[in-house]
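Visitor: I would like to go through this model with you, question by question. Could you put it up first?

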Protein chains: 2
Amino acid sequence: MKILIVDDEEMIRTVLREYVEFEGGEADEACDGMEAVRMCRETTYDAILMDIMMPKLDGFSAVKEIRKFSETPVIMLSARAEEYDKLFGFEIGSDDYVTKPFSPKEVMARIHAVIRRSKAKMSSGEIYEFEGLKIDVTGRNVYVDGEKIELTPKEYELLFYFVQNEGVALTRERLLSKVWGYDFYGDDRTVDTHVKMLRGNLKEYRKFIVTLRGLGYKFET
Amino acid sequence: MKILIVDDEEMIRTVLREYVEFEGGEADEACDGMEAVRMCRETTYDAILMDIMMPKLDGFSAVKEIRKFSETPVIMLSARAEEYDKLFGFEIGSDDYVTKPFSPKEVMARIHAVIRRSKAKMSSGEIYEFEGLKIDVTGRNVYVDGEKIELTPKEYELLFYFVQNEGVALTRERLLSKVWGYDFYGDDRTVDTHVKMLRGNLKEYRKFIVTLRGLGYKFET
DNA sequence: CGGGCATGTGAAAACTCCGTGAAATCACCG
DNA sequence: CGGTGATTTCACGGAGTTTTCACATGCCCG
């Protein structure tokens, strides 16, 4: 666990560092935004604790700069309630905030929380993307131009089989045996109906599912 | 540093004990799983070294039993590569493993590592927060809008597994094997009933547990 | 350009699965 | 060994999903 602590007050840096190290973590320190950005370019941290009011480059601007090249979770340390408001006013890409005075225990809890969440995001892995069509296998979500769409189980399974076999011509029989199961005894026109529903849900990306006359279907970008 | 050494071979117990004591620690010995569980009920250890193959009660079952009342870190000692596989196949709640033959130095290093980790866990006060739903892992408390709610053990474990897998689609089978244990042979609709109870207790935050028709459930904010 | 065949479409029927409540069983504690 | 609370099983009902089917549309080839 490697944490970057950014604050212009040495006292605060030291207190935080001690807590991080007490829990077996490692801590680097920076005393202004410029330095923080530089250090982030050189080292990969698991999380950043960042004060807002600082000389040279304030916390907001530093986060904005860091976000250009890194997704490292940031927890803002804000001295006053008004600054807290700003956090909501502007979308600056921080993951959490704590207002001073803070209990180190609370700060540590939040560090663990943001690291956990960012790890979850990383390892979520399996994500397919074709232009504006995104399929998140872990969460079983499908997005069309960033907007989540609701698919029925069969529609999802069918889409999943299609994307797994991108560019491959698939007969109705094969789709039935793979998506429905080898023991499905039914009309092979069932596939057509589901393709219709799926296409309807995929909106503009219906174009990816092409009909192969006399054969079946194919998923192609 | 108080360590419990569990192995049916006296030779191995003695070697390990000597190393623990050499480093200024204290060691108790148990020669089977039953004895180990009994001793854990009576004494609080900092870590447990546990063999897998043992008479009366094997290491897997012993850990499972101990986990019912204690979070003491466990390092498994496995004689063969196949057993190592099992460690990954089933979630049994051990924290590390070493395969025989092992160097005592390596074992000691791992003991120090798991103890450090477990201490960090204790003091970090692991807290999950999703809007007004707060889960305090250390105290095993759950709060809805600041008000403490009472959950049964299974409800709590289920909720805990859900939040640990935020955003991940979970099948009933997976929930059963992870929350109930891989050796649970029962109706998978049991999950539904517990989800119902849990939802009831979570009040407005029941919304976080979404049903995935034809699949299972997902915890999503 | 039109017949024939394959696919698209819409709606209704059939089916599946989940939420729920209640009863049965289990586990724990005195 | 009885009582209490937790867990598990189970059946019902309804919402949502899948399947079927008839008709519409479109494509290919003569």
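Visitor: How many residues of chain B are in contact with chain A?
Guide: In this predicted model, where local features need pLDDT of at least 70, side-chain atom pairs count only at pLDDT 80 or more, and totals for chains, interfaces and linings use all residues, contact means that the C-beta atoms of two residues, placed from the backbone, lie within 7 Å. Residues are numbered from 1 along each chain as its sequence is written, while chains are lettered from A and ligands numbered from 1 in the order in which they are written. On the chain A side twelve residues take part, and the number on chain B is 18.

Visitor: Which element gives the largest share of the side of chain B that touches chain A?
Guide: Helices (H or I, at least four residues) and strands (E, at least two) are DSSP runs, numbered from the N terminus. The largest share, five residues, comes from α5(B).

Visitor: What is the bridge partner of B:I127 in β7(B)?
Guide: β6(B) and β7 (residues 133-136) of chain B pair in the antiparallel sense over four bridges. For B:I127, the bridge partner in β7(B) is B:D136.

Visitor: Which element gives the most to the surface near DNA strand C?
Guide: A residue is near a strand or molecule if its C-beta atom, placed from the backbone, lies within 6 Å of it, and 17 residues surround DNA strand C, with A:D192, A:K196, A:T211, B:K196 and B:T211 the closest. At least two residues of this surface are supplied by each of α8 (190-201) of chain A and α8 (189-202) of chain B. The element that gives the most, with five residues, is α8(B).

Visitor: How many charged residues has the surface near DNA strand D?
Guide: Of the 23 residues around DNA strand D, those that come nearest are A:T152, A:K154, A:G186, B:T152 and B:G186. Ala, Val, Leu, Ile, Met, Phe, Trp, Tyr, Cys and Pro count as nonpolar, Asp, Glu, Lys and Arg as charged, and the others, Gly among them, as polar. By class, this surface has four nonpolar and nine polar residues, and the number of charged residues is ten.

Terms used:
Pairing = 2+ DSSP bridges.
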